Amino acid sequence: MSDNYVPYEFVLLDMQAGEHLQPDFLKINPIGKVPAIVDGDFQLWESGAILLYLAEKYGKTAFSLEEKAIFTQWVLFANSSLGTGIFIAANRQREMPRLLTPLNEILGKGPFLLGNDFTVADVAVGSILSYIPIMLKLDLSAYPAIVNYIQFMSERPAFQKSIGGRK
């Protein structure tokens with residue numbers, strides 16, 4: 001997946017005002033959670049599903065079944081294992097070293113999770129990791145490659161327009 005640009009409109013909902021629970025948004029996601037997308041007549045919610053859809057539809061490369069499976073693996077890892085391991089306080093002490101040690105090794109080998117190319121795996125894992133300094137302020141000094149990766153990811157223009165704008 002290259003850094004090709006697909007025009008989009010980013011809509012920030014005022015969650016405290018309950019915009020995500022208003023009828024217009026509930027037509028897109030009846031669960032009332034973000035994120036969600038509208039792509040033409042197609043509506044989709046749940047971040048992992050959205051990432052995989054966008055990679056498939058707008059990626060410049062046709063991916064093999066095995067490549068798609070690797071992307072799915074990383075998206076599910078980010079949303080299930082990494083997210084719950086880091087952001088659920090009861091899990092953090094046990095899960096953080098178990099998850100971040102191998103991630104630090106992988107990221108120490110190259111700029112991105114799957115080598116030299118930015119992929120949907122980086123969007124999924126990078127967004128979860130990037131919330132750590134924003135929301136939790138955890139000490140990541142034992143994971144220098146992850147610290148560098150978070151910094152690199154947070155400098156990307158798309159990050160600045162979305163997550164970075166919420167700091």
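**Reading strands, a helical segment and salt bridges**

Over residues 70-90 the chain is 95% helix and 0% strand, with the end C-alpha atoms 29 Å apart.

User: What kind of model is this, and how are residues numbered?

Analyst: The model is predicted, with local features needing pLDDT of at least 70 and side-chain atom pairs counted only at pLDDT 80 or more, while totals for chains, interfaces and linings use all residues. Residues are numbered from 1 along each chain as its sequence is written, and side-chain values use heavy atoms, leaving out hydrogens and water.

User: Which annotation does UniProt list for residues 70-90?

Analyst: First the general idea: UniProt positions are given in the numbering used here, feature names are shortened, and annotations may be inferred rather than shown by experiment. In this case, an unreviewed UniProt entry lists residues 70-90 as "transmembrane region".

User: How many bridges join strand β1 to strand β2?

Analyst: Helices (H or I, at least four residues) and strands (E, at least two) are DSSP runs numbered from the N terminus, and two strands pair if DSSP finds at least two bridges between them. Here β1 (residues 36-39) and β2 (residues 42-45) run antiparallel and are joined by four bridges. Val-38 has Gln-43 in β2 as its bridge partner. The two strands form a hairpin with two residues between them, and Gly-40 in the turn has a positive phi of about 70 degrees.

User: What counts as a salt bridge, within how many Å?

Analyst: Side chains of opposite charge can pair when their charged atoms come close. The rule asks for a side-chain nitrogen of Lys or Arg within 4 Å of a carboxyl oxygen of Asp or Glu. By this rule the count comes to five salt bridges. One of them joins Lys-27 to Asp-24, with the closest N and O atoms 4.0 Å apart. Both residues lie in helix α1 (residues 23-28), three residues apart, about one turn of the helix.

User: Which parts does the pair Lys-57 and Asp-39 tie together?

Analyst: Their side chains meet in a salt bridge at 3.0 Å, N to O. Lys-57 lies in helix α2 (residues 47-58) and Asp-39 in strand β1, so the pair ties together parts 18 residues apart in sequence.

User: Is Asp-39 buried or exposed?

Analyst: Buried means under 20% relative accessible area, exposed over 50%, and partly exposed in between (1.4 Å probe, protein chains only). Asp-39 is buried, at 19%, and Lys-57 is partly exposed, at 45%.

User: Which residues form a network through shared partners?

Analyst: The side chains of Glu-95 and Arg-94 meet in a salt bridge at 3.1 Å, N to O. Salt bridges that share partners join Arg-94, Glu-95 and Arg-98 into one network.
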